[in-house]
Amino acid sequence: MSGPEVPRLARQQTRSARSGSTETLPVPPATNADSTIPDAEAPSGSKDEIITKDFGFLPIPKRVQYDPANPVHFGLVLNATFGFASTFVVADLYYCQPLLIQFSESFNVSYVAVSNIPTLIQGGYAVGLLFISPAGDLVRRRPLILLLTFICAMLSIGLAITNNLAAFEALSFLVGVASVVPQILMPLAADLAPPERRASALSIVLSGLLLGVLIARVLAGVVAQFVTWRVVYYLAIGLQCVVLFLLYFIMPDYPSRNAGMTYWGILYSMGKFVFTEPLLVQAILINIPSMACFTNYWVTLTFLLGGPPYHYSTLAIGLFGCIGIVGVCMAPLIGRLIDRLVPWSATIMAASGLLIVQAIETSIAGVSIAGPVITAFGLDVLRQTQQVSITTAVFGLEPRARSRLNAVLILSLFIGQVMGTSVGSEVFNRFGWRPAAALSLAWTGFTIIVILARGPHVPRYKWFGYEGGIELRRSRLRERRQQDVEKAAAVEKTSGGVHGQLEMREGADIKEEEKRQERENVRDAKGGTEVRSSTDLLKDDVEETRRD
């Protein structure tokens, strides 16, 4: 390594050690898709530009306007607001599931005719994930989130008052398209939160999303038990208006991160990531079977608890979801734990715990109620831990592409959800609860194999193997990086000292040569003087003789 390269390496390592990043790998240079923006962390656009209106007419509260000189503090209130918004926007996707019988009676159709409503709303959600949530990398997220929340509230009014099944189905599809607000809030939270608290911030937003899934089913089931199903959607309208109000006054504005890109370029780069990023592919292969286990359990749990030996009522089965809510509420503890660990280590620990939980489910479910209780709690806590650690690691790949990366992750979860619902239900109907639980156990074993195939510190574009050790604690990793910095600095100092000694020796040799040359010149000068003097004397003698 040449002399100039050593100081450069030391400076680079010093910067990476001081950054306190939660990412396993350093943030790489911008890809071709993002090459128009020199700084990987800085938002696009003029740094001095302060936008004061959304949509050109709606004033932005001054304290949440984007000001690079005075950035908004990402504290607990803001984080909790993001979680609250995620809960009651994503709940729109699940209100319908406990209400299908009431729908068939209200619209005077068969149960089969209304059974495609959940499919339509989930299909709309998939469309929104694919075509709307990536736009968070292209436009300002604040107006996009406010617009989508407003659309959800307005569409819910139509759901509450319509008497036509076809209109209800069309509105349900559009509600699914607009309900991607949590998938835009998550990348925004990752941008606003300090690196050392990124996992904690993501865990709270993700817990809000999972809480919405559970609360929607419980709330809809309980309300519809006593009043008409339309009250559920009136309640949803009120909650979404509250979300819109809170986001307007609390959510900070933030410039677009890729102003030089086009919408189709955003979609192309999202597809490109799937084939060029090993860490993202690893996350997808973990997400699909892991989410399949989650949905397989919750879908088939209804049949288990409603049959022998439990024979629980529909209300009791619905309230069983409260166990999952307790697990989701542990999000702050989960986030703090992940902030202290390398994301890979949190992922493998969660997968190992899921393997134990699935083994308990397979062995004692149907024998003791303790089995379903332990599984419900463990699935929610460990699945959330796994998802937060995976998202934290993947968001470190391209800071300006977090909306696209998140869209890919959520689409993989959606695929896993469909796989768990269809395959799990089929296995349960044909073979019973225990084979369905054994299927989840096998899926969990597969995720562990995928995690172990690629170590925590391998280079970004390496697909398999281990490099850089297997240190799992972030504090130890920082210490090791600091030691590397000190070694590099020592090498720099030593290299500089050697070069200095060589220069001193060369300077001394030059001076010695100059002195030696000077002495020779003096000696030559003296010798010439003596010769001239003898010649002059001889001439004088000759001249005197001629005179005589």
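Reader: Which residues form one aromatic cluster here?

Author: Tyr95, Phe103, Phe107, Phe168, Trp229 and Tyr233 do. Keep in mind that this is a predicted model, where local features need pLDDT of at least 70, side-chain atom pairs count only at pLDDT 80 or more, and totals for chains, interfaces and linings use all residues. Residues are numbered from 1 along each chain as its sequence is written, and side-chain values use heavy atoms, leaving out hydrogens and water.

Reader: How is a pair of aromatic rings described?

Author: By the distance of the centres and the angle of the planes. Rings of Phe, Tyr and Trp (its six-membered ring) pair if their centres lie within 6.5 Å; planes under 30 degrees apart are stacked, over 60 edge-to-face, and the rest tilted. By this rule the count comes to 17 aromatic pairs. Take tyrosine 95 and tyrosine 233: their ring centres are 6.2 Å apart and their planes stand at 75 degrees, so the pair is edge-to-face.

Reader: Where do tyrosine 95 and tyrosine 233 lie?

Author: Tyrosine 95 is in the loop between helix H2 (76-90) and helix H3 (100-106), while tyrosine 233 is in helix H10; they are 138 residues apart. Helices here are DSSP runs (H or I, at least four residues), numbered from the N terminus.

Reader: Is tyrosine 233 buried or exposed?

Author: Buried means under 20% relative accessible area, exposed over 50%, and partly exposed in between (1.4 Å probe, protein chains only). Tyrosine 233 has 4% relative accessibility, so it counts as buried. Tryptophan 229 is buried too, at 3%.

Note on methods
Helices (H or I, at least four residues) and strands (E, at least two) are DSSP runs, numbered from the N terminus.
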